[in-house]
Amino acid sequence: MKRTLFLLLAYALLAAGCNTVNLAYRNADWYLQHRIGDYATFDARQEAAIRQDVRDYVHWHREQALPLYIAFLQNLNGAAQSAEPLAPGDAAHLRSLLHELYRMTMQPMIAPAAHILAGMNGKQVLELERYLAEEGRERRQEMLGTGHEEYLVLRSKRTLSFMHWLAGSLSDDQERRIVELSRSLPVTAEIYMQQREARQRRLVEMLKAGADEVEIETFLADWLYAPEAGYTPDQRQAMQEWELATNRMIANIHALLTPRQREHINDLLSSYIADMRDAIASGRKD
(Lines give C-alpha, C1' and ligand atoms only; values in the text may rest on other atoms or scores of the structure.)
Protein backbone atom coordinates (compact mmCIF):
# COMPACT_ATOMS: atom_id res chain seq x y z
CA MET A 1 0.00 0.00 0.00
CA LYS A 2 2.85 2.39 0.75
CA ARG A 3 4.17 2.37 -2.81
CA THR A 4 0.67 2.80 -4.27
CA LEU A 5 -0.03 5.94 -2.29
CA PHE A 6 3.36 7.39 -3.11
CA LEU A 7 2.59 6.82 -6.79
CA LEU A 8 -0.62 8.79 -6.38
CA LEU A 9 1.37 11.69 -4.96
CA ALA A 10 3.85 11.52 -7.84
CA TYR A 11 0.97 11.24 -10.32
CA ALA A 12 -0.68 14.35 -8.92
CA LEU A 13 2.51 16.40 -8.91
CA LEU A 14 4.22 15.29 -12.12
CA ALA A 15 1.46 14.49 -14.65
CA ALA A 16 2.30 16.00 -18.02
CA GLY A 17 0.26 18.55 -19.93
CA CYS A 18 -1.80 21.60 -19.07
CA ASN A 19 -3.97 21.85 -15.96
CA THR A 20 -2.01 18.90 -14.63
CA VAL A 21 -3.45 18.53 -11.15
CA ASN A 22 -7.09 18.65 -12.26
CA LEU A 23 -6.24 16.03 -14.89
CA ALA A 24 -4.66 13.87 -12.21
CA TYR A 25 -7.65 14.16 -9.90
CA ARG A 26 -10.10 13.30 -12.67
CA ASN A 27 -8.24 10.01 -13.08
CA ALA A 28 -7.07 9.41 -9.51
CA ASP A 29 -9.96 7.13 -8.50
CA TRP A 30 -9.34 4.77 -11.39
CA TYR A 31 -5.56 4.95 -11.06
CA LEU A 32 -5.41 4.17 -7.36
CA GLN A 33 -8.03 1.41 -7.57
CA HIS A 34 -6.12 -0.14 -10.45
CA ARG A 35 -2.87 -0.09 -8.46
CA ILE A 36 -4.50 -1.62 -5.38
CA GLY A 37 -6.11 -4.25 -7.60
CA ASP A 38 -2.64 -5.43 -8.59
CA TYR A 39 -2.03 -6.75 -5.09
CA ALA A 40 -4.69 -9.46 -5.13
CA THR A 41 -8.00 -10.54 -6.67
CA PHE A 42 -10.64 -8.92 -4.46
CA ASP A 43 -14.28 -9.97 -4.23
CA ALA A 44 -17.21 -7.63 -4.89
CA ARG A 45 -17.57 -6.60 -1.24
CA GLN A 46 -13.88 -5.80 -0.94
CA GLU A 47 -13.87 -3.89 -4.22
CA ALA A 48 -16.81 -1.78 -3.06
CA ALA A 49 -14.97 -0.95 0.17
CA ILE A 50 -11.82 -0.07 -1.78
CA ARG A 51 -13.80 2.21 -4.12
CA GLN A 52 -15.29 4.08 -1.18
CA ASP A 53 -11.93 4.34 0.60
CA VAL A 54 -10.33 5.71 -2.56
CA ARG A 55 -13.10 8.27 -3.08
CA ASP A 56 -12.78 9.42 0.53
CA TYR A 57 -9.01 9.60 0.21
CA VAL A 58 -8.99 11.59 -3.02
CA HIS A 59 -11.49 14.08 -1.56
CA TRP A 60 -9.35 14.44 1.59
CA HIS A 61 -6.19 14.76 -0.49
CA ARG A 62 -7.58 17.57 -2.59
CA GLU A 63 -8.95 19.50 0.38
CA GLN A 64 -6.28 18.90 3.02
CA ALA A 65 -3.06 17.87 1.28
CA LEU A 66 -2.90 20.24 -1.68
CA PRO A 67 -2.75 23.42 0.44
CA LEU A 68 0.27 21.95 2.22
CA TYR A 69 1.87 21.00 -1.11
CA ILE A 70 1.41 24.60 -2.21
CA ALA A 71 3.14 25.86 0.93
CA PHE A 72 6.03 23.44 0.37
CA LEU A 73 6.47 24.46 -3.27
CA GLN A 74 6.48 28.10 -2.23
CA ASN A 75 9.24 27.34 0.29
CA LEU A 76 11.16 25.38 -2.31
CA ASN A 77 10.85 28.16 -4.86
CA GLY A 78 11.91 30.76 -2.30
CA ALA A 79 15.08 28.79 -1.63
CA ALA A 80 15.74 28.33 -5.35
CA GLN A 81 15.31 32.03 -6.11
CA SER A 82 17.51 33.24 -3.26
CA ALA A 83 20.85 34.66 -4.33
CA GLU A 84 22.25 33.73 -0.94
CA PRO A 85 24.13 30.42 -0.71
CA LEU A 86 21.97 27.51 0.41
CA ALA A 87 23.46 25.99 3.54
CA PRO A 88 23.28 22.21 4.10
CA GLY A 89 21.05 22.96 7.09
CA ASP A 90 18.61 24.78 4.79
CA ALA A 91 18.56 21.75 2.50
CA ALA A 92 17.94 19.52 5.51
CA HIS A 93 14.97 21.70 6.49
CA LEU A 94 13.42 21.45 3.02
CA ARG A 95 13.88 17.69 2.99
CA SER A 96 12.33 17.47 6.44
CA LEU A 97 9.28 19.36 5.17
CA LEU A 98 9.04 16.94 2.25
CA HIS A 99 9.23 13.93 4.56
CA GLU A 100 6.44 15.41 6.66
CA LEU A 101 4.34 15.84 3.53
CA TYR A 102 4.96 12.21 2.64
CA ARG A 103 3.89 10.98 6.06
CA MET A 104 0.85 13.25 6.03
CA THR A 105 -0.09 11.92 2.59
CA MET A 106 0.20 8.31 3.71
CA GLN A 107 -1.38 8.45 7.16
CA PRO A 108 -5.10 8.55 6.15
CA MET A 109 -4.81 5.26 4.28
CA ILE A 110 -3.31 3.25 7.12
CA ALA A 111 -6.64 2.33 8.74
CA PRO A 112 -8.43 1.48 5.45
CA ALA A 113 -5.43 -0.56 4.31
CA ALA A 114 -5.39 -2.46 7.59
CA HIS A 115 -9.10 -3.16 7.25
CA ILE A 116 -8.71 -4.59 3.75
CA LEU A 117 -5.58 -6.59 4.65
CA ALA A 118 -7.19 -8.10 7.74
CA GLY A 119 -10.08 -9.35 5.61
CA MET A 120 -7.96 -11.10 3.00
CA ASN A 121 -8.32 -14.86 2.67
CA GLY A 122 -5.50 -17.35 2.28
CA LYS A 123 -5.54 -17.26 -1.52
CA GLN A 124 -5.42 -13.47 -1.55
CA VAL A 125 -2.52 -13.42 0.89
CA LEU A 126 -0.57 -15.76 -1.40
CA GLU A 127 -1.36 -13.48 -4.35
CA LEU A 128 -0.08 -10.52 -2.34
CA GLU A 129 3.07 -12.42 -1.42
CA ARG A 130 3.77 -13.26 -5.07
CA TYR A 131 3.09 -9.69 -6.16
CA LEU A 132 5.41 -8.20 -3.55
CA ALA A 133 8.17 -10.66 -4.48
CA GLU A 134 7.91 -9.81 -8.19
CA GLU A 135 7.61 -6.09 -7.55
CA GLY A 136 10.62 -6.32 -5.25
CA ARG A 137 12.73 -7.99 -7.95
CA GLU A 138 11.77 -5.28 -10.43
CA ARG A 139 12.48 -2.51 -7.93
CA ARG A 140 15.89 -3.98 -7.10
CA GLN A 141 16.81 -4.00 -10.78
CA GLU A 142 15.46 -0.48 -11.23
CA MET A 143 17.28 0.90 -8.18
CA LEU A 144 20.46 -1.14 -7.96
CA GLY A 145 21.16 -2.42 -11.45
CA THR A 146 23.55 -5.36 -11.67
CA GLY A 147 26.44 -4.03 -9.62
CA HIS A 148 28.06 -1.10 -7.87
CA GLU A 149 29.15 0.79 -11.00
CA GLU A 150 25.80 0.39 -12.74
CA TYR A 151 24.06 1.62 -9.59
CA LEU A 152 26.20 4.78 -9.57
CA VAL A 153 25.41 5.35 -13.25
CA LEU A 154 21.68 4.86 -12.69
CA ARG A 155 21.66 7.15 -9.68
CA SER A 156 23.50 9.93 -11.50
CA LYS A 157 21.12 9.60 -14.49
CA ARG A 158 18.11 9.93 -12.17
CA THR A 159 19.66 13.02 -10.58
CA LEU A 160 20.36 14.60 -13.97
CA SER A 161 16.86 13.79 -15.20
CA PHE A 162 15.33 15.46 -12.16
CA MET A 163 17.51 18.56 -12.59
CA HIS A 164 16.61 18.84 -16.28
CA TRP A 165 12.93 18.74 -15.31
CA LEU A 166 13.38 21.26 -12.52
CA ALA A 167 15.90 23.73 -13.97
CA GLY A 168 15.73 23.18 -17.74
CA SER A 169 18.84 22.91 -19.88
CA LEU A 170 22.14 22.23 -18.14
CA SER A 171 25.59 23.07 -19.43
CA ASP A 172 28.13 20.31 -19.98
CA ASP A 173 30.05 21.58 -16.97
CA GLN A 174 26.94 21.53 -14.78
CA GLU A 175 26.13 17.99 -15.86
CA ARG A 176 29.67 16.87 -15.13
CA ARG A 177 29.61 18.46 -11.69
CA ILE A 178 26.20 17.02 -10.82
CA VAL A 179 27.33 13.54 -11.85
CA GLU A 180 30.42 13.94 -9.64
CA LEU A 181 28.28 15.00 -6.70
CA SER A 182 25.87 12.11 -7.20
CA ARG A 183 28.64 9.54 -7.49
CA SER A 184 30.28 10.84 -4.30
CA LEU A 185 27.21 10.09 -2.18
CA PRO A 186 27.39 7.03 0.10
CA VAL A 187 25.64 3.96 -1.26
CA THR A 188 22.73 3.02 1.01
CA ALA A 189 20.15 1.66 -1.44
CA GLU A 190 20.85 -1.93 -0.38
CA ILE A 191 20.07 -1.02 3.23
CA TYR A 192 16.78 0.53 2.14
CA MET A 193 15.84 -2.50 0.05
CA GLN A 194 16.74 -4.96 2.81
CA GLN A 195 14.57 -3.12 5.32
CA ARG A 196 11.71 -2.80 2.87
CA GLU A 197 11.78 -6.47 1.95
CA ALA A 198 12.03 -7.50 5.62
CA ARG A 199 8.94 -5.45 6.48
CA GLN A 200 7.04 -6.88 3.54
CA ARG A 201 7.90 -10.41 4.65
CA ARG A 202 6.81 -9.57 8.18
CA LEU A 203 3.50 -8.22 6.89
CA VAL A 204 2.84 -11.40 4.91
CA GLU A 205 3.74 -13.51 7.96
CA MET A 206 1.27 -11.52 10.05
CA LEU A 207 -1.49 -12.03 7.49
CA LYS A 208 -0.82 -15.76 7.26
CA ALA A 209 -0.97 -15.95 11.07
CA GLY A 210 -4.35 -14.21 11.13
CA ALA A 211 -3.29 -10.86 12.60
CA ASP A 212 -6.24 -8.63 13.39
CA GLU A 213 -6.93 -5.15 12.09
CA VAL A 214 -5.43 -3.37 15.10
CA GLU A 215 -2.15 -5.33 14.85
CA ILE A 216 -1.86 -4.59 11.15
CA GLU A 217 -2.65 -0.91 11.61
CA THR A 218 0.01 -0.63 14.32
CA PHE A 219 2.54 -2.36 12.07
CA LEU A 220 1.79 -0.04 9.12
CA ALA A 221 1.97 3.04 11.33
CA ASP A 222 5.35 1.95 12.69
CA TRP A 223 6.52 1.39 9.12
CA LEU A 224 5.51 4.93 8.21
CA TYR A 225 6.67 6.81 11.29
CA ALA A 226 9.69 4.78 12.39
CA PRO A 227 11.24 3.27 9.24
CA GLU A 228 14.67 3.28 10.89
CA ALA A 229 13.58 1.07 13.79
CA GLY A 230 14.99 -2.09 12.24
CA TYR A 231 18.40 -0.67 11.40
CA THR A 232 21.55 -2.04 12.96
CA PRO A 233 23.91 0.58 14.48
CA ASP A 234 26.12 0.38 11.39
CA GLN A 235 23.16 0.81 9.07
CA ARG A 236 21.88 3.75 11.09
CA GLN A 237 25.29 5.38 10.88
CA ALA A 238 25.45 4.81 7.13
CA MET A 239 22.02 6.37 6.65
CA GLN A 240 22.96 9.40 8.73
CA GLU A 241 26.09 9.87 6.62
CA TRP A 242 23.97 9.64 3.47
CA GLU A 243 21.54 12.26 4.82
CA LEU A 244 24.38 14.70 5.57
CA ALA A 245 26.03 14.11 2.20
CA THR A 246 22.70 14.59 0.38
CA ASN A 247 22.18 17.93 2.11
CA ARG A 248 25.65 19.03 1.02
CA MET A 249 24.97 17.91 -2.55
CA ILE A 250 21.74 19.93 -2.72
CA ALA A 251 23.55 23.01 -1.42
CA ASN A 252 26.29 22.54 -4.03
CA ILE A 253 23.79 22.11 -6.87
CA HIS A 254 21.97 25.25 -5.73
CA ALA A 255 25.25 27.16 -6.15
CA LEU A 256 25.45 26.01 -9.79
CA LEU A 257 22.11 27.52 -10.85
CA THR A 258 22.12 30.35 -13.37
CA PRO A 259 19.56 33.20 -13.44
CA ARG A 260 17.83 31.59 -16.42
CA GLN A 261 17.57 28.26 -14.57
CA ARG A 262 16.14 30.00 -11.51
CA GLU A 263 13.56 31.58 -13.79
CA HIS A 264 12.71 28.15 -15.20
CA ILE A 265 12.25 26.79 -11.66
CA ASN A 266 10.03 29.75 -10.78
CA ASP A 267 7.85 29.26 -13.87
CA LEU A 268 7.59 25.50 -13.32
CA LEU A 269 6.72 25.62 -9.62
CA SER A 270 4.39 28.58 -10.09
CA SER A 271 2.47 26.60 -12.72
CA TYR A 272 2.04 23.68 -10.31
CA ILE A 273 0.90 26.02 -7.55
CA ALA A 274 -1.67 27.59 -9.88
CA ASP A 275 -2.90 24.15 -10.97
CA MET A 276 -3.26 23.04 -7.36
CA ARG A 277 -5.25 26.14 -6.47
CA ASP A 278 -7.51 25.51 -9.47
CA ALA A 279 -7.96 21.90 -8.39
CA ILE A 280 -8.96 22.93 -4.89
CA ALA A 281 -11.46 25.47 -6.25
CA SER A 282 -12.96 23.09 -8.81
CA GLY A 283 -13.28 20.35 -6.19
CA ARG A 284 -15.34 22.64 -3.99
CA LYS A 285 -17.70 23.34 -6.88
CA ASP A 286 -18.37 19.64 -7.51
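Predicted model: local features only at pLDDT ≥ 70, side-chain atom pairs only at ≥ 80, totals over all residues.
Residues are numbered from 1 along each chain as its sequence is written, and side-chain values use heavy atoms, with hydrogens and water left out.

Back to Leu-128, then. This leucine is found in helix α6, residues 122-144; helices here are DSSP runs of H or I with at least four residues, numbered from the N terminus. What does Leu-128 touch, not counting residues up to four places away in sequence? The list is Tyr-39, Leu-117, Met-120 and Leu-207, where contact means heavy atoms within 4.5 Å. And for a sense of scale, Leu-128 and Ala-83 are 45 residues apart in sequence, with 50 Å between their C-alpha atoms.

One of those partners, Leu-117, leads us to the core. A nonpolar core is a set of buried Ala, Val, Leu, Ile, Met, Phe, Trp, Tyr and Cys residues joined through side-chain atoms within 4.5 Å. The largest one has 63 residues, and Leu-117, Met-163, Ile-216 and Leu-220 have the most contacts inside it. Helix α3 gives the most to this core, with 11 residues. Apart from it lies another core of 6 residues, among them Leu-144, Tyr-151, Ala-189 and Met-193.

Let's look at α3 itself. This helix covers residues 44-81, and its 38 residues reach 51 Å from first C-alpha to last, close to the expected 56 Å; the expected span is 1.5 Å times one less than the number of residues. Where in α3 does the kink lie? You'll find it at Ala-65, about 40 degrees, shortly before Pro-67; the bend is the angle between axes fitted to the seven residues ending there and the seven starting there. At the N-terminal end, Asp-43 caps α3, with a side-chain oxygen 3.1 Å from the backbone nitrogen of Arg-45.

Now α10, residues 213-225. Its 13 residues should span 18 Å at 1.5 Å a residue, and the end C-alpha atoms are 18 Å apart, which agrees. Its buried residues are Ile-216, Phe-219, Leu-220, Trp-223 and Leu-224. Seen down the axis, they fall within an arc of 135 degrees, so they line one face of α10; the arc is that of the directions from the helix axis to the C-beta atoms. Val-214 also lies in α10, but this valine is exposed, because its relative accessible area is 59%.

Last stop, α7, residues 148-167. The buried residues there include Tyr-151, Arg-155, Ser-156, Thr-159 and Met-163. Seen down the axis of α7, the buried residues fall within an arc of 165 degrees, so they line one face. What covers them includes α6, α8, α9, α11 and α12. From α8, Ser-182 is in contact with Arg-155, Ser-156, Thr-159 and Met-249, leaving aside neighbours within four places in sequence. Is Ser-182 buried or exposed? It counts as buried, at 0% relative accessibility. Finally, α7 is followed by Gly-168, whose phi is positive, near 85 degrees. Thanks, everyone!

Terms used:
Helix = DSSP H or I, 4+ residues; strand = E, 2+ residues; numbered from the N terminus. Buried < 20%, exposed > 50% of the residue type's maximum accessible area, 1.4 Å probe, protein only. Polar contact = N/O pair within 3.5 Å; in protein donor to acceptor, adjacent residues only side chain to side chain.
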